[in-house]
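Welcome, and please open your viewer. We will go from stop to stop, selecting something at each one and looking at what is there.

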Amino acid sequence: MTQDKTKVKTYKANTSLLNKIGSGPLNMQAVQRAQEEIENNQIDFSPIGLDFLNRLDIALKEIKPETDRNKVEEQKKTLIAPVMELKANAAIFHYSLVGNLANIMLNFLETIDALDKDVLSIVGGHHDSLKLILSSKMKGDGGKDGQVMETELKDACSRYYKKKKKQG
């Protein structure tokens, strides 16, 4: 049995960020102030979220059903970018339902191999749901309605996976 004698290269980390912020424990008062600012912010996220949804809508309109792997990956990026922005920002502005639904969609988009009409329909339904949530300024988790929306989106993704499994 032979061992691979590949030489491992070690790269020294860039210390510019460390030089800017310093090292050691964080100031707990600064952390607390930042947390309070996040919890108490009154910024209206709906226009920001609707802008991300507009980007998603434009991407959806430009994409045609596609199975070529390279084209699919490139087109998926245009769908993933605004969904990722929604996921990353929604909870900070007290729209946890938007973040949860975006997370489900993000996971779905990252696992599909084709952009067929069913995928585009699921993404379109997701877009419409989020537009309704943001337009009506439904903050928080949406209560029972929010849970139903999450369940429906998960179920739509599951049905898609089952259908593809039967076909493949």
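In which helix does Ser-46 lie? Select Ser-46 and you will find yourself in helix α3, which covers residues 46–62. Keep in mind during the tour that this is a predicted model.

**Stop 1: around Ser-46**

Is Ser-46 buried or exposed? Ser-46 has a relative accessible area of 4%, and because buried means under 20%, Ser-46 counts as buried. Now show what surrounds this residue. Leaving aside neighbours within four places in sequence, Ser-46 is in contact with Tyr-95, Leu-134 and Lys-137.

**Stop 2**

Where is Lys-137 placed? Lys-137 sits in the loop between α6 and α7. Lys-137 is partly exposed, at a relative accessible area of 43%. Look at the backbone here: phi of Lys-137 is positive, about 55 degrees, although Lys-137 is not a glycine. For background, most residues other than glycine have a negative phi.

Next, select His-94, in the loop between α4 (69–90) and α5. His-94 is not a glycine either, yet its phi is positive, at about 70 degrees. With a relative accessible area of 27%, His-94 is partly exposed.

**Stop 3**

Move on to Thr-67, which you will find in the loop between α3 and α4. Is Thr-67 buried or exposed? Its relative accessible area is 67%, and since exposed means over 50%, Thr-67 is exposed.

Thr-67 and Ala-114 are 47 residues apart along the chain, but their C-alpha atoms are separated by 4.8 Å. Which residues is Thr-67 in contact with, leaving aside its neighbours within four places in sequence? They are Val-72, Asp-113 and Ala-114.

**Stop 4: helix α7**

Select residues 143–167 to pick out helix α7.

Now colour the buried residues of α7: Gly-146, Glu-150, Leu-153, Ala-156, Cys-157 and Tyr-160. What do they pack against? Show α5 (96–111) and α6 (117–135), the helices that these buried residues pack against.

**Stop 5: the whole chain**

Zoom out and show the protein chain as a cartoon. There are seven helices and zero strands, so following the sequence you read the pattern α-α-α-α-α-α-α. Along its principal axes, the C-alpha trace spans about 60 × 50 × 30 Å. A compact globule of 168 residues would have a radius of gyration near 15 Å, whereas this protein chain has 21 Å.

Buried residues make up 32% of the 168 residues.

Lastly, colour by charge. The protein chain carries 26 positive and 23 negative side chains, and the centres of these two sets lie 6 Å apart. If you display contacts too, take those between residues at least 6 apart in sequence: 79% of them join residues at least 24 apart.

Technical notes:
Residues are numbered from 1 along each chain as its sequence is written. This is a predicted model: local features need pLDDT of at least 70, side-chain atom pairs count only at pLDDT 80 or more; totals for chains, interfaces and linings use all residues. Side-chain values use heavy atoms; hydrogens and water are left out. Helices (H or I, at least four residues) and strands (E, at least two) are DSSP runs, numbered from the N terminus. The expected span of a helix is 1.5 Å times one less than its number of residues. Buried means under 20% relative accessible area, exposed over 50%, partly exposed in between (1.4 Å probe, protein chains only). Contact means heavy atoms within 4.5 Å. The radius of gyration is taken over C-alpha atoms; the globule rule is 2.2 Å times the number of residues to the power 0.38. Lys and Arg count as positive and Asp and Glu as negative; His and the chain ends are not counted. The place of a charge is taken as NZ of Lys, CZ of Arg, CG of Asp or CD of Glu.
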